[in-house]
Amino acid sequence: SEMCIRDSNKIYRLDATIKNQASAKYFYGKDLDIENYFQKIEHNASLIIRNIINKEILPEKNSDNHFDLFHFLFLLDVRNPVRIKSLIEGKSKMLERVCKIDSKFDIEQYKEFDDTRFNVQMGLSIAIEMILFNSDLELKVFKNVTNKPLITSDYPVIRYNQFYEKRKVNLDSSNSYGNIGIQLLLPLSPNYCLVIYLSLIHISE
């Protein structure tokens, strides 16, 4: 397989090193507590994903493997630097609005909202609730039978809402977790893509 990386001069290179791409040293802190936690989740998920790719077998709904796969997918999303940046920007705007309303509001006490580790920990704290809240979603795998391979990126979890799109709802807010019609897609390989959706909505559509 080949990896294509776009450098600062807008040139696509097939021979670029991956060492410094989409990575940062001690992104979750030097104590490695969060990193070690992710390692356990990723190990469990890797066995399940390998089974999907090699044997085309999905975990049974509400089984331990089903829970572990959902857990991995949600954490893969909430821990992503793009998602964290979006959270920080959203909180900053919220605090700025509060300051305009209340001149006595002390914004300094909320400086930790800008910290990456703090926001990752917040994502970890609500991950289990997110899984339970979305437990009615179905899990399927799509097999790519074309000659064009599936691709992924440094933000691999795709959130979409076809149900809302047809009704011309603002997609910036319609693909949040918990919204009716939410769809999650995760390319697993050039040939397989994991799809999570609400069958009641998308089958009837």
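Reply: Zero disulfides are found in a search of the whole structure, a disulfide being a pair of cysteine sulfur atoms within 2.5 Å. The model is a predicted one, in which local features need pLDDT of at least 70 and side-chain atom pairs pLDDT 80 or more, while totals for chains, interfaces and linings use all residues. Residues are numbered from 1 along each chain as its sequence is written, and side-chain values use heavy atoms, with hydrogens and water left out.

C193 has a relative accessible area of 9% and is therefore buried, the term for values under 20%, with exposed meaning over 50% and partly exposed the range in between (1.4 Å probe, protein chains only). C99, at 26%, is therefore partly exposed.

Strand β6 belongs to an open sheet of four strands, ordered β3-β6-β5-β4 and paired in the antiparallel sense; two strands pair if DSSP finds at least two bridges between them. At the edges of this sheet are β3 (138-143) and β4 (158-160), each of which pairs on one side only. Neighbouring strands in the sheet are turned by 20° against each other on average, direction ignored; the axes are lines fitted to C-alpha atoms, and angles run from 0 to 180 degrees between N-to-C directions.

Within β6, L194 is the bridge partner of V141.

Methods:
Helices (H or I, at least four residues) and strands (E, at least two) are DSSP runs, numbered from the N terminus.
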